[in-house]
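Keep the sequence and the 3D view at hand as you read.

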Amino acid sequence: MTAKRTPADVLREARKKDSLAKRTKVLAVVDEMKAKGEPVTFLGVAKAAQVSNWLVYAEGVREHIDAARKSQARGKSREQKTGTAASSASIATDLELARAELRALREERDRLKAAVQRGLGQQVGQAGHAELVSRINELTAANQELVGKLVRAEADRDGLQSALTETQDDLISARQALRNMMRDQNRPSE
């Protein structure tokens with residue numbers, strides 16, 4: 001016959017099973033991160049495995065993560081020695097070269113822009129004073145013609161306005177006369 005388990009025993013076994021499952025998951029995540037070439041960090045492993053930060057520092061797990069980090073560090077230094085990965089000095093040099101090329105391109109752009117501006121200035125200067133004076137005279141004549149038309153249109157408007165006012169006055173007078181005549185017609189004779 002088996003010994004009867006107490007609730008504390010059941011709880012202890014459940015915690016051991018849960019702890020073992022979480023540790024196994026953490027170790028699998030570390031191996032997966034190494035295989036993918038992702039940087040292995042304690043925080044990154046904890047987030048990926050969805051476990052507490054405490055667990056990744058626990059004995060047995062911490063050593064596995066440290067070993068993975070050292071392995072990745074050796075791989076990076078090997079890549080730098082063999083030339084498959086760029087060193088920080090190489091990257092800095094590339095950056096400086098790119099900046100120098102950018103400066104040269106900006107200078108060239110400014111030179112070309114100035115050349116275009118000079119060319120346009122020469123074209124305007126070559127148009128000649130006589131052509132410009134002729135064009136100004138044409139525009140002035142057209143403007144004067146339009147001003148004359150405007151003055152005539154305003155005079156016509158004013159004449160039509162006064163004729164309208166006079167016609168309205170005549171209409172009012174005619175209506176008043178018609179009313180007076182009708183009133184006189186409708187009055188009984190005495």
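The side chains of aspartate 184 and arginine 187 come together in a salt bridge, with 3.8 Å from N to O. A salt bridge here is a side-chain nitrogen of Lys or Arg within 4 Å of a carboxyl oxygen of Asp or Glu. Aspartate 184 is partly exposed at 48% relative accessibility, while arginine 187 is exposed, its relative accessible area being 52%. The classes are set as follows: buried is under 20% relative accessible area, exposed is over 50%, and partly exposed lies in between (1.4 Å probe, protein chains only).

Before going on, please keep in mind that this is a predicted model, in which local features need pLDDT of at least 70 and side-chain atom pairs count only at pLDDT 80 or more, whereas totals for chains, interfaces and linings use all residues. Residues are numbered from 1 along each chain as its sequence is written, and side-chain values use heavy atoms, leaving out hydrogens and water.

How many salt bridges does a search of the whole structure find? The search gives 11. One of them joins glutamate 138 to arginine 135, and their closest N and O atoms are 3.3 Å apart. These two residues are separated by about one helical turn, because they sit 3 residues apart in helix α6 (residues 129-186). Helices (H or I, at least four residues) are DSSP runs, numbered from the N terminus. Both partners are partly exposed: glutamate 138 has a relative accessible area of 45%, and arginine 135 has 46%.

Another salt bridge links aspartate 110 with arginine 109, and here the closest N and O atoms are 3.0 Å apart. Aspartate 110 is partly exposed, at 41% relative accessible area.

Helix α6 also holds methionine 182. Together with Leu178 and Met181, Met182 makes a nonpolar surface patch of about 310 Å². Such a patch is built from residues with over 30% relative accessible area and no salt bridge, with nonpolar side chains (Val, Leu, Ile, Met, Phe, Trp, Tyr) joined within 5 Å. Areas come from the Shrake-Rupley method with a 1.4 Å probe. Methionine 182 itself is partly exposed, at 47% relative accessibility.

Now turn to glutamine 72, a residue of helix α4 (residues 62-82). A polar atom of the glutamine 72 side chain lies 2.9 Å from the backbone nitrogen of valine 40. Leaving aside residues up to four places away in sequence, glutamine 72 touches Met33, Lys34, Gly37, Glu38, Pro39 and Val40, where contact means heavy atoms within 4.5 Å.

Note on methods:
Polar contact = N/O pair within 3.5 Å; in protein donor to acceptor, adjacent residues only side chain to side chain. Patch = residues over 30% accessible without salt bridge, like charges linked within 9 Å, V, L, I, M, F, W, Y side chains within 5 Å.
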